[in-house]
Each structure stands twice: as structure tokens, then as C-alpha cells.
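Reader: I have a structure here that is new to me. Can you walk me through it?

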Amino acid sequence: MRIGIVGAGAVGGFLAGHLARAGTEVALLARGPHLAALRDRGLTVESRGERWTVSVPASDKAAELGPVDAVVVTAKAPALPAIAAAIAPMLGPDTPVVCAMNGIPWWYDHGRAGVESRTIARLDPDGAIWRGIGPERAIGCVVDCPSQVVEPGFVRHVAPRPGALTLGEPSGARSGRVERLAAVVEASGVKAPIADDIRAALWAKLLVNISRSPLGVLTGLSERGLAEDPETLEITLAMMREARAVARSHGIEVPLDEAGNRDPQRRSEHRSSMLQDWDLGRPMEIDGIVRSVQDFARAAGLPTPTLDVVSALLVAKARVAGTYPG
Ligand SMILES: NC(=O)C1=CN([C@@H]2O[C@H](COP(=O)(O)OP(=O)(O)OC[C@H]3O[C@@H](n4cnc5c(N)ncnc54)[C@H](OP(=O)(O)O)[C@@H]3O)[C@@H](O)[C@H]2O)C=CC1
Ligand SMILES: CC(C)(CO)C(=O)C(=O)O
């Protein structure tokens with residue numbers, strides 16, 4: 001399989017580095033200093049006590065990379081409309097597209113039982129992603145590989161356990177394309193379990209992102225710091241409970257390990273990718289991780305008082321910084 005990866009950041013670099021080391025053909029759509037570094041020095045990855053450098057074909061022009069067997073988009077959500085248009089030359093007639101990203105995905109209502117298959121206005125207001133990629137290409141994904149770009153061309157994975165990309169068809173079907181992709185990812189040393197219900201897996205991860213990521217930005221505390229402070233811990237758990245009730249309104253039961261969340265020893269000093277965006281003055285994934293869940297809550301008539309307060313503060317902070325519209 002030839003895998004196209006879009007975005008040479010933390011997750012894209014982590015994945016490309018593993019795949020290339022295992023001998024899988026990778027084509028990386030990168031830009032700016034990342035592209036320059038990849039061309040000059042290759043891609044260096046540090047993970048679980050190992051450090052390696054690989055050479056990865058990369059370009060900022062999708063047409064130079066051409067059609068691939070699967071595309072994995074590893075950019076932040078605000079970049080997705082532009083990417084949906086840019087990757088057209090990488091798409092063959094049957095190329096699936098995996099958005100390896102946090103938050104509610106743009107294809108969420110595609111194949112969701114009892115719901116019209118359509119784009120989510122908050123995430124894709126004019127349908128550019130829906131039209132550009134096409135929901136039938138979408139394979140769902142949950143990313144678990146806490147990582148950071150140390151410098152262009154150098155990515156550090158900061159967890160002691162192997163990284164994981166959980167994959168699944170929006171319909172829940174066990175398809176050949178998901179099995180083939182999962183096998184290639186697993187062969188690279190990254191876990192790739194296949195979920196029967198990818199939306200349930202997305203919500204389980206979202207409970208973490210919706211609570212800890214905004215609170216990390218508002219307080220500057222790391223994942224562990226949020227669990228060590230009894231007051232931020234209670235706010236974290238309140239947000240998780242509210243988000244879990246929203247998932248339940250979609251027929252999804254998300255387990256919530258309150259004891260595990262209360263144990264600071266089970267948290268790392270990782271600065272969430274939202275906090276990394278804040279640190280770098282970049283747009284944060286507020287719509288996909290926070291506001292779309294508030295929208296779902298409103299539609300279901302559910303109160304989300306803690307989420308609403310934290311979201312309002314986060315949006316105000318981002319607006320002052322000029323990284324959120326309005
Ligand atoms: N980092 C982490 O620990 C984790 C991240 N995630 C999620 O994974 C997703 C990716 O995050 P992460 O890897 O941290 O993000 P990064 O910001 O580290 O990387 C995104 C990369 O995409 C590039 N990019 C954006 N638009 C384009 C474009 N049009 N063409 C080429 N490259 C482009 C960016 O380039 P440029 O720098 O020029 O903008 C950047 O290099 C997010 O949804 C995040 O929430 C999930 C779990 C853990
Ligand atoms: C859960 C966490 C914090 C690490 O995987 C993450 O998803 C992020 O950094 O955005």
C-alpha cells in the first residue's frame with residue numbers, strides 16, 4: 001500500500017516515521033519549514049526510548065505525489081476545508097480518507113442510524129469538506145499517540161505505551177479497506193484496532209479532549225496538573241459527565257472511569273494538542289471538540305452548564321488572541 005499523509009506535524013510525523021521505518025511507501029503532503037527540514041535532514045522520530053531518521057518523499061503539491069491507496073489527514077480541524085480541495089490529485093476512484101483528528105468528525109452524520117446523511121454546519125458550513133472528500137471515502141479514526149513537534153522534521157512521542165489509531169467504518173461494517181489499512185499500520189508498530197462502533201470510540205476520546213484540553217488552555221496546567229488540583233479535577237469530571245449525557249442522547253453509552261481520572265499518577269505532563277496550538281498562537285479546534293457537542297446538547301434539550309462556562313471563556317480567550325472568528 002502507498003499511504004498519503006497530509007500534514008507533517010506531531011501525529012503525521014509520528015505515523016509517517018513508523019510506516020517508513022517498516023518499509024511502507026509513504027507520500028507526505030507537507031509545507032513550509034517542515035517540508036524544508038524533511039528534504040534537508042529527513043524525518044526524525046523519538047518514541048519509547050528509540051530515535052530514528054527516515055527519508056520520506058514529500059511535497060507541498062498533491063499533484064507531485066499523485067494518487068495513493070489511502071490518505072490519512074493529520075492536520076488541525078481549521079485547516080480541513082483547504083485540505084479537502086488540495087488533496088484531489090491524491091485521490092483515486094476508491095481511495096479512502098482517514099481524518100486522524102480529535103473531535104466530532106465532519107462525516108459524523110453519514111450512516112448514523114435514524115439521521116439524515118449530511119454535513120455538520122458548525123464544522124463544514126458551506127459543505128466544502130463534504131463535497132471535496134466525499135463521505136463514502138471516510139474511514140473513522142481515534143488517535144492516541146501524545147506527541148509534539150520538537151522542531152520541523154523532528155517529532156517526539158511522549159507516552160510509554162505504543163501509539164494507536166483506532167479505525168472503523170462510519171456504517172460499522174467490517175470492510176476490506178479498513179482491514180488492509182489496519183494491517184499496514186500494525187506492521188509499523190502502531191496499534192490499529194478496528195472498532196465495531198467508531199462513534200462510540202470517538203466519544204470516549206472526546207470526553208478527555210472536551211474537558212482537559214480547554215481547561216489546560218485556560219489554566220496553563222498539564223494533564224497531570226489538572227488532576228492534582230482538586231478544583232480543576234471536579235470541573236474536568238463535570239464536563240465529562242455532561243458530554244457523556246450528550247453521547248447517550250445519540251444512543252452511545254460511554255464508560256467513565258472516575259477513579260482513573262482522579263489519579264494524577266495516571267496523567268502525564270503532556271501539553272494537549274489544543275494547548276500546543278495556544279502556545280504557538282494558532283487556531284484551536286474549539287468547534288470540533290467543544291462547540292459541536294454544545295450544539296448536539298441544544299438539539300437534544302440537554303443542559304451543559306459547566307461546558308457552557310468553559311466554552312465561553314475559551315472562545316473569549318481565543319477571540320482576544322485573534323484566533324477565533326467573530
Ligand atoms: N499532538 C497530539 O498529541 C495529538 C493530536 N491529536 C489530533 O491529531 C490532529 C493533528 O494534530 P497534530 O499532529 O498535533 O497537529 P500539528 O499542528 O502538529 O500538525 C498539523 C500539520 O498539518 C500541516 N498542515 C495544515 N494544513 C496543511 C496543508 N494545506 N498542506 C500541508 N500541510 C498542512 C501543518 O503545517 P503548518 O505548521 O505549516 O500549519 C502542520 O505541520 C488534531 O486533530 C489533533 O487534535 C490527537 C491525539 C494526540
Ligand atoms: C488526549 C490527548 C491529550 C493526548 O493523546 C490528546 O488527544 C491531545 O493532545 O490532544
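Reader: Start with S3. How many bridges join S3 to strand S4?
Author: Five bridges join S3 to S4 (residues 50-54), and the two strands run antiparallel. Two strands pair if DSSP finds at least two bridges between them. Strands (E, at least two residues) and helices (H or I, at least four) are DSSP runs, numbered from the N terminus.

Reader: Before we go on, what kind of model is this?
Author: This is a predicted model, where local features need pLDDT of at least 70, side-chain atom pairs count only at pLDDT 80 or more, and totals for chains, interfaces and linings use all residues. Residues are numbered from 1 along each chain as its sequence is written, while chains are lettered from A and ligands numbered from 1 in the order in which they are written.

Reader: Back to the strands. What does leucine 43 stand opposite in S4?
Author: Valine 54. The hairpin of S3 and S4 has two residues between the strands, and arginine 48 takes a positive phi near 50° there.

Reader: And in which sense do S3 and S10 pair?
Author: Parallel, over three bridges; S10 covers residues 154-157. Valine 45 stands opposite valine 155 in S10.

Reader: Now the helices. At what angle do H7 and H12 pack?
Author: H7 (residues 198-219) and H12 (residues 286-300) pack at about 110°, with their axes 9 Å apart. Axes are lines fitted to C-alpha atoms, for helices over the stretch in contact, and angles run from 0 to 180 degrees between N-to-C directions. H7 and H12 are therefore roughly perpendicular, a label for angles of 65 to 115 degrees.

Reader: Which residues in H7 and H12 meet?
Author: Leu206, Asn209, Ile210, Ser213 and Pro214 in H7 meet Ile289, Val290 and Val293 in H12. In contact means that the C-beta atoms, placed from the backbone, lie within 7 Å.

Reader: Change of topic: what surrounds ligand 2?
Author: Its shell includes Asn102, Asp144, Asn209, Ser213, Glu223 and His270. A residue is near a molecule if its C-beta atom, placed from the backbone, lies within 6 Å of it.

Reader: Which helix gives the largest share of that shell?
Author: H7, with three residues. H7 and H11 (273-279) each supply at least two residues of the shell around ligand 2.

Reader: How many residues surround ligand 1?
Author: 30 residues, and the closest are Gly7, Gly9, Val11, Met101 and Asn102. H1 (10-21), H2 (32-41), H4 (80-86) and S9 (147-151) each supply at least two residues of the shell around ligand 1.

Notes. Parallel < 35°, antiparallel > 145°, perpendicular 65-115°, else oblique. Contact = placed C-beta atoms within 7 Å.
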